[in-house]
Amino acid sequence: MTSPEEFLAAAEAHSAHNYHPLPVVVATAEGAWMTDVAGRRYLDMLAGYSALNFGHGNRRLLDAARAQLERVTLTSRAFHHDRFADFCTQLAELCGMELVLPMNTGAEAVETAIKTARKWGYRVKGVRDGRAKIVVADNNFHGRTTTIVSFSTDPEARDDFGPYTPGFAIVPYGDLAALEAVVDDDTVAVLLEPIQGEAGVLVPPPGYLAGVRALTRARNVLFIADEIQSGLGRTGRTFACEHEGVVPDMYVLGKALGGGVVPVSAVVSSREVLGVFRPGEHGSTFGGNPLACAVALEVIAILRTGELQRRAAELGDHLHRELAPLLERGAADAVRGRGLWAGVDVNPSRGDGRTVSERLLARGVLVKDTHGATIRIAPPLVISREDLDWGLARVREVLGV
Ligand SMILES: *Cc1c(COP(=O)(O)O)cnc(C)c1O
């Protein structure tokens with residue numbers, strides 16, 4: 001197979017159609033650029049939904065992975081390995097927390113957070129067995145397991161996958177009074193994205209996260225921040241919660257933690273909370289494996305200097321300044337976001353999200369639509385200002401601005 005058309009036809013024929021990818025077949029990538037099988041280059045303005053914050057083929061991450069590949073890649077948690085302690089210590093330190101529980105995918109980390117909160121509720125808070133309640137927000141995206149889709153409000157993600165896991169209450173995102181109204185003595189946790197990614201980069205109203213923090217503290221409820229997409233530099237800070245000076249009880253991390261090289265996720269929290277687990281009660285064969293730890297350690301080292309976060313903040317300000325005219329010129333109905341992360345609701349007069357994404361693809365820019373009208377812009381944080389400007393010029397072009 002050499003032509004993109006052949007690849008696309010073969011992929012259609014022999015894969016489940018649980019995705020609707022844009023018609024591009026990537027062969028190689030470096031930094032913020034991808035090259036397809038026909039040699040055409042594309043600017044990556046999606047960055048693997050923020051899994052590629054540090055860019056494609058990041059030298060430091062590849063070197064760390066390569067070195068570890070030659071040493072040992074998997075021990076299972078039946079044995080210790082020599083990268084594990086460093087990984088846990090340094091990730092805990094980056095988060096200002098005490099304990100780490102490593103997993104692989106984001107959904108697994110969210111599942112881990114749910115199990116942790118329930119066990120904490122029964123063992124520490126004293127909730128009666130089987131009654132633990134976790135409050136989530138509408139339009140959330142926390143992953144694809146049967147339990148997680150049980151509290152999704154997106155019919156696409158949820159329909160036909162029941163029976164659903166009970167124990168969740170759903171409230172409108174950004175509405176503190178609604179949240180307060182459902183928190184009761186059986187509530188063990190509030191689980192939120194500090195910025196909702198899949199929903200279209202929805203930033204909650206100012207004061208919301210701080211309000212959630214105050215409420216959960218007052219009611220002895222855990223505040224779980226799913227920073228899988230918002231965390232690790234994307235918004236111009238290490239964690240999106242920092243924008244409101246909020247420290248949750250638990251961070252859920254994934255995506256960029258594996259540097260786009262391997263899946264690495266983790267729950268990071270206090271000794272009181274993650275200390276509830278005893279041997280045998282939870283785990284994962286690949287969780288915290290040597291290769292994952294080696295890559296994640298390099299990710300943490302990159303983040304520790306704060307350089308990329310500053311870069312994301314500066315380029316992010318530039319991005320949002322450049323996107324503002326879309327609103328003023330009627331090409332967009334809304335532009336949201338923080339740092340190097342934006343959701344643009346395309347005005348229907350300019351086409352829907354998918355059409356706009358396809359037109360951008362034809363001009364050499366890769367973005368992804370969500371929920372019909374929205375396109376998401378989230379380039380690797382290592383993108384140059386010139387490349388970002390070039391990509392934004394293409395966005396203006398396809399939106400007729
Ligand atoms: C992507 C994502 C997840 C799920 O991560 P997977 O690795 O795809 O399982 C969970 N929460 C948020 C906020 C995400 O963006």
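Tutor: Strand E14 gives the most to the lining of the largest pocket, with 3 residues. Strands (E, at least two residues) and helices (H or I, at least four) are DSSP runs, numbered from the N terminus. This is a predicted model: local features need pLDDT of at least 70, side-chain atom pairs count only at pLDDT 80 or more, and totals for chains, interfaces and linings use all residues. Residues are numbered from 1 along each chain as its sequence is written, and side-chain values use heavy atoms, with hydrogens and water left out.

Student: How is a pocket found, and what volume does the largest pocket have?

Tutor: Rolling a probe the size of a water molecule over the atoms shows where empty space is left. On a 1 Å grid over the protein atoms alone, a pocket is an open set of points where a 1.4 Å probe fits, with protein on both sides within 12 Å along at least five of seven lines; lining residues have an atom within 4 Å of a point. Here the largest pocket has a volume of about 1500 Å³, the space filled by probe spheres set on the points, which are joined across faces, edges and corners.

Student: Which residues lie nearest the centre of the largest pocket?

Tutor: Tyr19, Tyr49, Phe141, Arg144 and Glu198, out of 50 lining residues. Domain 1 (59–304) and domain 2 (307–340 + 351–401) each supply at least three lining residues; the bounds come from an automatic or database domain assignment.

Student: What volume does the second largest pocket have?

Tutor: About 440 Å³. Of its 20 lining residues, Arg77, Val100, Leu101, Phe277 and His282 are the closest to the centre. Strand E4 provides the largest share of this lining, 5 residues.

Student: Is Lys133 buried or exposed?

Tutor: Buried means under 20% relative accessible area, exposed over 50%, partly exposed in between (1.4 Å probe, protein chains only). Lys133 has 18%, so Lys133 is buried. Lys133 is found in strand E5 (residues 133–137). Its contacts (heavy atoms within 4.5 Å) beyond four places in sequence include Asp184 and Asp186.
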